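I have set out some comments on this entry as numbered points. Please read them alongside the coordinates.

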Amino acid sequence: MLGTYFTFPELLLWVPLLTGMLIFFIKDAKAVKTFAFFSTLITLAISVTSLFYTDVVHHPEYFAYNNVSYVWMPYLGSSFSVGLDGMGFILTFLTAFTFPVIMAATHKRDYPNANVYYGLLLLTQAGITGVFVATDALVFYFFWELALIPMYFLCSRWGEEFRIRVTFKFFVYTFVSSLLMLIGIIYIYLHTPPVSNLSDHSFFIKAFYNASLTTGEQDGLFWLFFIAFAVKMPIFPFHSWQPDLYEQSPDSSVMVLSGLMVKMGIFGMLRWLLPVFPDAVGHYQTFIIILCITGILYASSIAYVQSDLKRIVAWSSIAHIGLMGAAIFARNSTSLSGVMLEMFNHGVNIIALWIVVDIVEKKTGIRKIADLGGLAVKSPALSIFFLVIVLANIGLPLTNGFVSEFLMFTGVFEYNKYLAAFSCISMIISAAYMLNVMQKVFFGVPNAATEKVTAISTRQKLVLSIVVITILILGIYPEPLLHLTQGSVYEILQKIK
Amino acid sequence: MNAIIISALWGVVMMFGGVFFKKSSTPKNWAIAGIILLLAANIWEFFGYQIFKVDTRGMLGFDKFGLEFNAICFGSTLLYFLLNDREIEKVGEHVSEYFALIFFILCGVSICSSFNTLLMLFLGIEIMSIPSYILTGSDKRNLKSNEASLKYFLMGAFSTGLMLMGIALIFGGNTLGSFYINMIALGTGKMPVMIAAGLVLMVVSLSFKVSAAPFHFWAADVYDGAPTVFTSFMATIVKLAGFVAFIRLFRVSFGIIQEQWQMLIAVITAATLLIGNLTAVFQQSVKRMLAYSSIAHAGFMMFALFALNDTAREGLLLYALSYSIATMGMFAVLVKMNDYTIEGFNGLYKYQPVLACTATVFLLSLTGIPLTAGFASKFYMLLAALRDGHQVWLVILAVICAAISAIYYFRVIQAMFFKEPSGGGIHELDVTSGFKFLLIVSAAILIIAGILPSLVVDWLYF
């Protein structure tokens with residue numbers, strides 16, 4: 001059946017899409033949660049199965065399971081083509097893996113209109129997966145925007161006090177930038193060679209890679225694409241929507257936003273920006289790495305002086321993303337495989353951080369780190385889990401963060417050692433603020449606010465241990481994921497003359 | 001030909017029927033029957049069967065593009081009748097005449113999509129405009145409606161005068177001395193002064209009809225003053241027909257010297273986009289906001305005229321469908337509201353979820369979010385303009401304006417979903433389940449056309 005009727009990327013798309021639409025019609029909140037959770041589990045099962053069919057080099061027949069193309073708009077040269085390569089496997093697996101974790105972590109939460117909430121969440125999953133599997137520029141653009149709409153509704157309906165304004169800011173930022181990208185897409189499309197005899201041009205990704213663009217055109221178009229991806233990541237100076245939105249969003253939405261949606265931007269750069277504009281990337285790479293490193297130092301410094309837990313995590317995320325941006329534009333095989341690995345690791349780590357932040361907030365009702373303290377006495381398990389997550393976030397050896405950050409630093413170092421030296425400062429600052437959080441929140445004597453805190457439940461322990469085990473396994477043995485990155489890295493580097 | 005004759009005849013039938021119809025619901029049923037007949041006859045002709053064979057000496061020519069445009073217009077009018085029948089009855093006593101006037105407008109629309117001479121163009125535009133003046137003033141006891149009608153009439157008469165002057169100059173200036181639009185032999189050289197003057201006058205008068213800046217000043221007041229049901233019709237069908245006439249004339253007559261007037265159109269497009277979008281942001285009344293948004297969309301449709309290639313024609317058809325259904329749907333929801341301000345929409349989702357959700361689809365389509373027909377049509381317009389390849393700045397301006405449009409459309413969405421109902425209470429709205437069903441159908445059409453735009457476009461090539 002597989003490969004003949006359905007392929008992996010399709011299944012990964014249709015399951016959340018269809019269940020997401022079905023769920024709107026379920027009235028009972030409990031049933032909704034169970035249904036949504038099972039839907040994400042099915043997706044996870046499909047994704048895990050797909051990982052066994054990755055070895056296209058030795059088994060060419062696997063290609064048929066992982067790539068499919070349907071006629072969509074033949075006269076425009078666009079078809080509904082989806083496919084998975086190494087990077088696609090990593091990211092769809094990340095999406096499929098984190099969604100059940102997020103659902104389980106926020107299982108106890110009661111949202112008003114649960115059916116709408118979970119329906120939109122699953123539609124977001126479909127949108128994000130679509131971005132990761134699209135091999136047609138128009139399909140990519142469709143999903144790029146589609147992931148945004150459910151997220152917009154999630155954040156502005158279930159968020160906190162200033163949610164409407166903050167979410168709309170996010171929406172306008174991404175909408176403007178992605179429309180500019182649309183111009184870029186159309187412009188490149190008009191310079192692509194034909195793929196079929198029905199149309200003069202094509203939206204297919206390989207046609208985009210072979211588009212005949214002059215250096216001048218590349219330089220202009222580069223910015224149209226770069227801004228769209230940079231806003232989504234976000235790279236300094238396009239980040240101003242991010243801390244506010246993370247602070248105001250509902251818990252599970254912010255996990256999806258920070259863990260998965262920002263990966264859309266990074267993925268876009270790797271899949272579309274680097275191979276389509278090899279010359280322009282060469283022209284601007286130093287400038288953009290400097291931007292990224294400014295962002296790292298800026299965001300880390302701000303994270304250090306924040307007092308709100310959520311804002312600390314938000315700013316630390318900008319710092320990490322900055323490092324990934326720098327590694328992308330360093331553009332050598334070490335840095336690129338580091339980025340692909342870090343996409344997975346960052347996704348897991350930041351979702352883990354949010355889970356802990358969420359637990360702390362729900363237990364104490366406070367997010368100011370100065371008012372907390374002594375949680376290690378009250379809930380030792382939580383503190384151990386948090387320690388591992390913090391260490392992974394800093395990038396200590398034996399955690400997943402170390403492997404990928406090491407690769408990225410090495411890559412940036414290969415490009416330019418001074419820039420690498422500056423970016424390494426971020427590790428020191430991040431250790432400072434993360435350990436500061438650890439110390440203020442978990443150590444010390446319990447105070448009035450944390451006096452009544454109870455230990456975490458078995459379900460929470462289970463969720464956190466899954467995450468922590470993933471962190472440790474990937475810290476000790478990252479080989480399986482690294483292996484997946486090889487083909488994608490090779491394909492990107494091939495385009496650099 | 002089928003459409004022109006049937007719509008004119010049915011208009012007369014409805015007009016005289018007003019005397020005989022006893023029950024209040026009769027005119028509505030006759031109108032719906034008429035529009036179905038009209039649609040069927042038009043589709044019949046699309047597949048090559050003519051019921052009436054009239055020798056027009058080539059003054060009218062029917063092609064796939066015009067006929068498909070007619071079909072889209074008649075289809076959306078059918079939807080409009082079904083959605084708004086009760087509201088039309090509420091406007092005044094002469095229900096039958098309102099329907100008759102709409103049928104006359106449709107007759108003008110059919111002429112606008114098939115004229116071959118400048119005289120027929122003039123006739124079509126006038127047949128379309130005069131009923132519009134009357135419909136604007138149909139709420140006789142409302143001063144605003146009267147003012148709007150007078151304003152519309154005076155401005156319209158003025159632009160008609162300009163058009164006549166333009167036609168005269170073009171007639172006098174071309175060497176063949178012909179009214180036929182395909183016989184204005186211009187060659188590729190610099191156009192003669194008389195033709196240039198005539199062309200500018202035609203641009204001015206047709207820009208007036210489609211409310212393109214800087215000839216848009218009437219639009220906001222007229223759309224705001226007219227009874228809301230008729231605003232919805234005038235802002236869609238009448239405007240679209242203006243565009244089709246515009247394109248037909250320029251493609252056939254002046255396509256060969258496109259470079260010489262393209263900059264003029266580019267400036268008009270840019271001005272329309274900027275003025276429409278920026279002014280709409282500051283509106284408090286949803287009706288007035290939609291009036292300005294219709295100016296903004298005119299800016300996007302001007303791209304078809306700017307590019308004038310096949311993609312642009314396909315794009316205009318898609319735009320006709322997406323824009324008219326989304327706008328009519330939005331107006332149909334608006335008519336049911338007690339309060340036309342944005343605050344009036346507060347918390348609509350709480351007490352009318354179907355209305356709120358379908359209105360969201362309409363607004364998303366107007367914004368141009370993927371998966372809706374609005375995106376497909378904007379995409380085609382941008383594609384057409386970039387394929388033409390001369391003015392990339394205009395395309396960038398257009399997408400920035402599209403982003404600005406998100407600000408005012410999303411303000412309504414925010415009010416519907418994220419705000420509490422005003423006064424805390426649940427408002428009773430006069431909404432039947434049939435009405436809701438029709439709204440869902442409209443939203444479904446938008447989404448289907450958004451996913452598969454080729455369903456609309458490919459008919460041109462069968």
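How many residues does the contact take from chain A, and how many from chain B?

1. The model is a predicted one, and the points below should be read with that in mind. In this model the contact takes 21 residues from chain A, while chain B brings 20 residues to it. On the side of chain A that touches chain B, the elements that give two or more residues are helix H6 (137-146), helix H7 (148-158) and helix H8 (163-189) of chain A. Of these, H8(A) gives the most, with eleven residues. By class, that side of chain A divides into 18 nonpolar residues, one polar and two charged.

2. Turning to the fold of chain B, this chain has 18 helices and zero strands. Its radius of gyration is 21 Å, close to the 23 Å that the globule rule gives for 462 residues, so chain B is as compact as a globular protein of that length. Taken along the principal axes, the box filled by the C-alpha atoms of chain B is roughly 70 × 55 × 45 Å.

3. Two further values describe the interior of chain B. Of its 462 residues, 58% count as buried, and among the contacts in chain B with a separation of 6 or more, 81% are accounted for by residues 24 or more positions apart.

4. One helix pair in chain B deserves a separate look. The axes of helix H9 (residues 228-253) of chain B and helix H11 (residues 286-307) of chain B come within 11 Å and cross at roughly 15°; because angles under 35 degrees count as roughly parallel, H9(B) is roughly parallel to H11(B). The crossing in which H9(B) passes H11(B) is right-handed. On the H9(B) side the residues making the contact include Phe243(B), Phe246(B) and Phe250(B), and on the H11(B) side they include Ala291(B), Ala298(B) and Met301(B). Counted by class, the contact of H9(B) with H11(B) has ten nonpolar, two polar and two charged residues.

5. Finally, is Lys310(A) buried or exposed? This lysine, found in helix H14 (residues 309-330) of chain A, is buried, since Lys310(A) has 22 other C-beta atoms within 10 Å and the cut-off for a buried residue is 20 or more. Leaving aside its neighbours within four places in sequence, Lys310(A) is in contact with Tyr246(A), Glu247(A), Val357(A) and Arg367(A). Lys310(A) also lies 7.8 Å from Trp354(A), C-alpha to C-alpha, although these two residues are 44 residues apart in sequence.

Technical notes
Residues are numbered from 1 along each chain as its sequence is written. Chains are lettered from A and ligands numbered from 1 in the order in which they are written. This is a predicted model: local features need pLDDT of at least 70, side-chain atom pairs count only at pLDDT 80 or more; totals for chains, interfaces and linings use all residues. Helices (H or I, at least four residues) and strands (E, at least two) are DSSP runs, numbered from the N terminus. The radius of gyration is taken over C-alpha atoms; the globule rule is 2.2 Å times the number of residues to the power 0.38. A residue is buried if 20 or more other C-beta atoms lie within 10 Å of its own, exposed if 12 or fewer, and partly exposed in between; C-beta atoms are placed from the backbone. Two residues are in contact if their C-beta atoms, placed from the backbone, lie within 7 Å. Ala, Val, Leu, Ile, Met, Phe, Trp, Tyr, Cys and Pro count as nonpolar, Asp, Glu, Lys and Arg as charged, and the others, Gly among them, as polar. Axes are lines fitted to C-alpha atoms, for helices over the stretch in contact, and angles run from 0 to 180 degrees between N-to-C directions. Angles under 35 degrees count as roughly parallel, over 145 as roughly antiparallel, 65 to 115 as roughly perpendicular and the rest as oblique. A crossing is left-handed if the near helix is turned anticlockwise from the far one by less than a right angle, and right-handed if clockwise.
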